[in-house]
Structure formats: structure tokens, C-alpha cells
Amino acid sequence: MPDISVVKQANTRLVGFESSAFPYSGSNPRTGNSGSRYSDNRVLVHVPAGFDVRKPGVIVVFFHGHGATLSRDVRDRQLLPAQISESGVNAVLVAPQLAYDAADSSAGKFWERDGFKRFMTEAADQLARVYGDARTVDYFANMPVVVVAYSGGFEAAAWSLHVGGLGKRVTAWC
């Protein structure tokens with residue numbers, strides 16, 4: 001891709017995803033109860049300045065913990081986009097909103113077989129938009145994935161690894 005340029009300015013967006021964890025109308029595999037009370041489908045998508053699709057890179061998928069929101073906690077308090085940018089690693093960030101500001105580990109659509117795969121397919125499209133070049137979608141669709149979770153995010157991460165459908169594309173998790 002010699003004619004595609006390097007990102008000159010960091011770009012962070014909160015984007016509604018059709019395949020994000022919520023809203024979810026299915027059944028909780030642990031309790032059988034419906035998870036439909038959660039409706040925030042936003043995902044924090046971050047492409048740092050200097051990110052270059054012509055070089056090997058990685059997608060960091062971040063599952064936040066209990067009581068968190070993407071804007072207040074992941075972006076503004078934990079400064080995750082800034083950490084990705086300052087790391088100097090050729091990496092982008094994708095962080096789905098899980099249970100919004102609640103002490104709940106619900107995984108929503110990530111409980112479903114291939115739910116994480118559908119999410120990552122949509123993430124590739126959104127990352128190409130944020131990158132600013134639709135031709136990069138195949139690059140993002142094939143990038144290795146690192147899954148990071150803490151606190152209540154463990155359940156969404158565990159289900160994503162167990163039934164998510166990405167297989168060997170997930171190269172690391174913590």
C-alpha cells in the first residue's frame with residue numbers, strides 16, 4: 001500500500017456499533033435472564049498519530065471493568081487512548097461499552113457464538129473510517145488482536161475467547 005499515508009493526528013471517536021455487546025435481547029447463559037436492560041452500543045475507537053498500515057500492527061481490544069463508562073473512565077480517567085499513542089507501538093484501540101456504569105459482568109452479544117468475530121468485522125470498517133482511508137479495511141480485518149480486560153470485563157473477554165470465532169487471530173490476552 002505505498003500510496004496510503006501515515007496518520008498525522010490522533011483520532012478518537014465514540015461510534016455506535018450494530019455488533020457491540022449491547023443492546024442485547026438474548027438469554028444470559030449463567031442465569032437465563034434477559035440482558036435487554038442495557039442499551040449503549042458505543043465503542044471507543046482510537047487511531048494514534050504515526051500509526052502506519054504499511055507496518056506490522058495490532059488491535060488492542062479493551063474490556064473495561066464494573067462501574068465504567070467509555071468517556072468518563074476509559075478515555076478521560078484511565079487515558080487509554082493517550083497510553084496507546086504514547087507507547088510508540090503501531091497499535092490501534094477498540095473498546096466496547098459493556099454494562100454502562102453498573103456493577104455487572106454481562107457479556108451481551110459476546111456470549112453468542114461468533115459474536116466477537118462479528119464485532120471485529122465491524123471494527124475493521126470503523127477503524128478504516130477513523131484512519132481516513134476506506135482501502136485499509138482489509139488490513140484492519142486481518143490484524144492480530146490483543147485482548148485486555150480487568151474487573152467485570154473478564155466475562156466478556158472470556159466468552160469472546162471461548163466462542164467468539166477469532167481463533168488464532170487473537171495473539172495475546174491479559
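Okay everyone, which residue follows H1 with a positive phi? That would be Leu-79, with phi near 55°.

Before I go on, a word on what we're looking at. This is a predicted model, where local features need pLDDT of at least 70 and side-chain atom pairs count only at pLDDT 80 or more, while totals for chains, interfaces and linings use all residues. Residues are numbered from 1 along each chain as its sequence is written, and side-chain values use heavy atoms, with hydrogens and water left out. When I say helix or strand, I mean DSSP runs numbered from the N terminus: H or I with at least four residues for helices, E with at least two for strands.

Let's start with the sheet. Two strands pair if DSSP finds at least two bridges between them.

Now look at E4. Its neighbour E2 pairs with E4 in the antiparallel sense over 4 bridges, and there Val-43 stands opposite Pro-96. E3 also pairs with E4 over 4 bridges, but in the parallel sense, with Val-58 opposite Ala-91.

Buried means under 20% relative accessible area, exposed means over 50%, and partly exposed is in between, using a 1.4 Å probe and protein chains only. In a regular strand the side chains alternate between the two faces of the sheet. In E4, Ala-91, Leu-93 and Ala-95 point one way, Val-92, Val-94 and Pro-96 point the other way, and all are buried.

Over at the other end, E5 and E6 run parallel and are joined by 3 bridges. Val-147 has Trp-173 in E6 as its bridge partner.

Next, the inside. A nonpolar core is a set of buried Ala, Val, Leu, Ile, Met, Phe, Trp, Tyr and Cys residues joined through side-chain atoms within 4.5 Å. The largest one here has 42 residues, and Phe-116 and Phe-140 have the most contacts inside it. Among the elements giving two or more residues to this core are strand E2 (42–47), helix H4 (137–142) and helix H5 (153–163). Helix H3 gives the most, with 9 residues.

What does Phe-116 touch? Leaving out residues up to four places away in sequence, the list includes Val-61, Phe-63, Val-145 and Val-147. Contact here means heavy atoms within 4.5 Å. Apart from this core there's another, of 12 residues, including Val-58, Leu-70 and Ala-91.

H3 also holds Gln-126, which is buried, at 11% relative accessible area. Beyond its neighbours within four places in sequence, Gln-126 is in contact with Val-15 and Phe-17.

Back to H1. The buried residues of this helix (residues 70–77) are Leu-70, Asp-73 and Val-74. Seen down the axis they fall within an arc of 110°, so they line one face of H1; that arc is taken from the directions from the helix axis to the C-beta atoms. If you're wondering about the pattern, an α-helix has 3.6 residues a turn, so residues three or four places apart point the same way. Those buried residues of H1 pack against E1, E2, E3, helix H2 (80–87) and E4.

Phe-22 and Pro-23 are joined by a cis peptide bond, with omega about 0°, and Pro-23 is in the loop between strand E1 (11–16) and E2. Asp-101, in the loop between E4 and H3, isn't a glycine but has a positive phi, near 50°. Asp-101 is partly exposed, at 41% relative accessible area. Ser-151 isn't a glycine either, and its phi is positive at about 50°. You'll find Ser-151 in the loop between E5 and H5, partly exposed at 42%.

That's my tour, thanks!
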